[in-house]
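Hi,

Here is the structure I promised to send over. Have a look at it first, then read on for what turned up.

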Amino acid sequence: MHIKGFDISRQNLKGMTPEQYITLMEYQRFECPLSGKKFKYSPKDKKFLDIEGRKTSIIAPPVDHDHVTGFIRGILSEKLNLLLDQWEKFTYGNLSKPKELTDYQNNPPALKCIGKVIYK
């Protein structure tokens with residue numbers, strides 16, 4: 001499964017086609033749209049990895065989705081995906097949610113470049 005020079009045959013696409021996944025990665029400049037953390041392609045693993053600042057348990061960057069609509073929003077770093085999930089579960093009490101999280105939720109990169117794709 002070679003798309004634009006990338007073999008992503010081991011990437012979990014979560015409902016996207018390989019073409020949609022690469023299009024979204026390109027649109028996001030191969031980085032988390034919130035933190036700017038870079039995603040690196042691993043020819044050995046045949047997928048993109050969230051490696052910045054990690055020495056162990058290197059994983060693929062999570063595909064984020066809206067839990068109400070089911071639509072994919074973007075590809076985030078692991079830490080930002082966890083943070084966003086916690087805000088959506090209201091676990092931060094009275095703390096104000098960062099504006100960047102709300103902006104991302106209201107205007108996600110996936111809707112701009114690949115349209116409405118259901119997370120699987």
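At what angle do H2 and H3 pack, and how far apart are their axes? Before the answer, one caution: this is a predicted model. The angle is about 90 degrees, and the axes lie 11 Å apart. That makes H2 and H3 roughly perpendicular to each other, because angles from 65 to 115 degrees count that way.

You can find the residues that meet there. On the H2 side they are Leu80, Leu83, Leu84, Trp87 and Glu88, and on the H3 side Leu101, Tyr104 and Gln105. Sorted by type, the contact has six nonpolar residues, one polar and one charged.

Now stay with H2 for a moment. Its buried residues are Leu80, Asn81, Leu84, Asp85 and Trp87. Looking down the axis of H2, you'd see them within an arc of 160 degrees, so they line one face of the helix. What do the buried residues of H2 pack against? They pack against strand E5 (63-65), E6 and H3.

Next, the inside. The largest nonpolar core has 25 residues, and Ile8, Met16, Tyr21 and Phe48 touch the most other members. At least two residues each come from helix H1 (18-27), strand E3 (39-42), strand E6 (72-75), helix H2 (78-88) and helix H3 (99-106). H1 gives the largest share, four residues. In general, nonpolar side chains in soluble globular proteins tend to be buried together.

Most residues other than glycine have a negative phi. Phe30 is not a glycine, yet has a positive phi of about 55 degrees. You'll find Phe30 in the loop between H1 and E3, and with 24% relative accessibility Phe30 counts as partly exposed. Lys46 also has a positive phi, near 60 degrees. Lys46 sits in the loop between E3 and strand E4 (47-50) and is partly exposed, at 28% relative accessible area. Then there is Phe90, which follows H2 and has a positive phi near 60 degrees.

Cheers

Conventions
Residues are numbered from 1 along each chain as its sequence is written. This is a predicted model: local features need pLDDT of at least 70, side-chain atom pairs count only at pLDDT 80 or more; totals for chains, interfaces and linings use all residues. Side-chain values use heavy atoms; hydrogens and water are left out. A nonpolar core is a set of buried Ala, Val, Leu, Ile, Met, Phe, Trp, Tyr and Cys residues joined through side-chain atoms within 4.5 Å. Buried means under 20% relative accessible area, exposed over 50%, partly exposed in between (1.4 Å probe, protein chains only). The arc is that of the directions from the helix axis to the C-beta atoms. Contact means heavy atoms within 4.5 Å. Axes are lines fitted to C-alpha atoms, for helices over the stretch in contact, and angles run from 0 to 180 degrees between N-to-C directions. Angles under 35 degrees count as roughly parallel, over 145 as roughly antiparallel, 65 to 115 as roughly perpendicular and the rest as oblique. Ala, Val, Leu, Ile, Met, Phe, Trp, Tyr, Cys and Pro count as nonpolar, Asp, Glu, Lys and Arg as charged, and the others, Gly among them, as polar.
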